[in-house]
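Hi,

Here is the structure I promised to pass on.

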Amino acid sequence: MKRNLFAAALAVASVAAVQPAVAQDLTGTLKKISDTKTIVVGFRESSVPFSYLDNNQKPIGYHMDMCNKIVESVKTKLKMPNLKVELQPVTSANRIPLLQNGTIDMECGSTTNSVARQEQVSFANSTFITSVKVVVKKDSGIKTLADLDGQPIATTSGTTSVQLIKQNEKGTNINFKEIYGKDHAESFLLVANDRAKAFVMDDILIAGLVAQSKNPDEYMFLPEILRTEPYGIMLRKDDPQFKALLDESVNAMIKSGEAEKLYTKWFMSNIPPKNVNLNFPMSPLLKEAFANPNDKGVK
């Protein structure tokens, strides 16, 4: 009888010991999500075709589709099929602070994974490779970086792309005035309205804005490539458990062919809201990144 009572007590004690251990298994963002029963996804309002608003003011895009898949992985991991998903708009200027202070749990926009940013945040494995270029109007008379000397140049607050002009051999000695837009759409509008002579940004973001402009044939890229940069879903720094889940989810999309299907959907097909096709084939660099997934940042 005593032996049975001892065994029963031991079993109860074992269960009690296991229960807190399960809770302790979760750390960082996953614990936050589990405790609040909510995941907060940061999105951009005009980063076509990665993360932008459709006619119903709903965020859509290549990275939004990928983040929806990641959210499903989180639900499975936490065994929380009814997990609440909140969407929070972010900008180039506030995306990192809102991630760091816990307002958002991951950023699904168009953020370059750089060594400098890795001092503040972390990134999942790369999902896109872009080239930083300069767009101008064809009738502006500007044919090369050297022609930008003394000209106003548009840049988006919170980005550093315009500084790359100085690092190019043709841009070393030129001087220019920066005019800031609050987001990429506003920065491009500065060129469209002739307040700026050029806009410096990632080529695919510019391509999206040009494609949806009133007169796409008015614009052209300058020939120089200022830098090649990887994009990734951004998360908080020093959160290995959540990063592992994001990497596993991204890698699964790549391995299954889902990532390539999403690429075709957003870069090689007609997309809302204006039903335009960016016609932006997958680059050899992105194919290489998909063949060998990594989170290496650009210097």
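Let's start with a strand pairing: Tyr-52 has Ile-60, in β4, as its bridge partner. Strands β3 and β4 run antiparallel, with 2 bridges joining them. They belong to an open sheet of 3 strands, ordered β2-β3-β4 and paired antiparallel. Its edge strands are β2 (46-47) and β4 (59-60), each of which pairs on one side only. Keep in mind that this is a predicted model.

Next, the aromatics. The whole structure has 13 aromatic pairs. One of them is Phe-50 with Tyr-231, an edge-to-face pair with 5.0 Å centre to centre and 70° between the planes. Phe-50 sits in the loop between β2 and β3 while Tyr-231 is in strand β13, so this pair ties together parts that lie 181 residues apart in sequence. Phe-50 counts as buried, at 0% relative accessibility, and Tyr-231 is buried too, with a relative accessible area of 0%.

Why does the pair Tyr-263 and Phe-267 count as stacked? The ring centres are 4.2 Å apart and the planes are at 15°, and planes under 30 degrees apart count as stacked. Both residues are in helix α9 (residues 258-267), and because they are 4 residues apart there, about one helical turn separates them. Tyr-263 and Phe-267 are both buried. Ring pairs also link up into a cluster made of Phe-50, Tyr-62, Phe-128, Tyr-231, Tyr-263, Phe-267 and Phe-280.

The largest pocket has a volume of about 500 Å³. It is lined by 21 residues, and those closest to its centre are Ala-185, Leu-209, Gln-212, Ser-213 and Lys-274. Both β3 (51-53) and α6 (184-192) supply at least two residues of this lining, and α6 gives the most, with 5 residues. By class, the lining of the largest pocket has 10 nonpolar, 6 polar and 5 charged residues.

The second largest pocket holds about 280 Å³ of space. Of its 22 lining residues, Thr-112, Arg-117, Thr-160, Arg-227 and Glu-229 are the closest to the centre. Two or more lining residues come from each of β11 (198-202) and β13 (227-231), and β13 gives the most, with 3 residues. The lining of this second largest pocket divides into 7 nonpolar, 8 polar and 7 charged residues.

Cheers

Methods: Residues are numbered from 1 along each chain as its sequence is written. This is a predicted model: local features need pLDDT of at least 70, side-chain atom pairs count only at pLDDT 80 or more; totals for chains, interfaces and linings use all residues. Side-chain values use heavy atoms; hydrogens and water are left out. On a 1 Å grid over the protein atoms alone, a cavity is a set of points where a 1.4 Å probe fits but cannot get out, and a pocket is an open set with protein on both sides within 12 Å along at least five of seven lines; lining residues have an atom within 4 Å of a point. Grid points are joined across faces, edges and corners, and a volume is the space filled by probe spheres set on the points. Ala, Val, Leu, Ile, Met, Phe, Trp, Tyr, Cys and Pro count as nonpolar, Asp, Glu, Lys and Arg as charged, and the others, Gly among them, as polar. Two strands pair if DSSP finds at least two bridges between them. Rings of Phe, Tyr and Trp (its six-membered ring) pair if their centres lie within 6.5 Å; planes under 30 degrees apart count as stacked, over 60 as edge-to-face and the rest as tilted. Buried means under 20% relative accessible area, exposed over 50%, partly exposed in between (1.4 Å probe, protein chains only).
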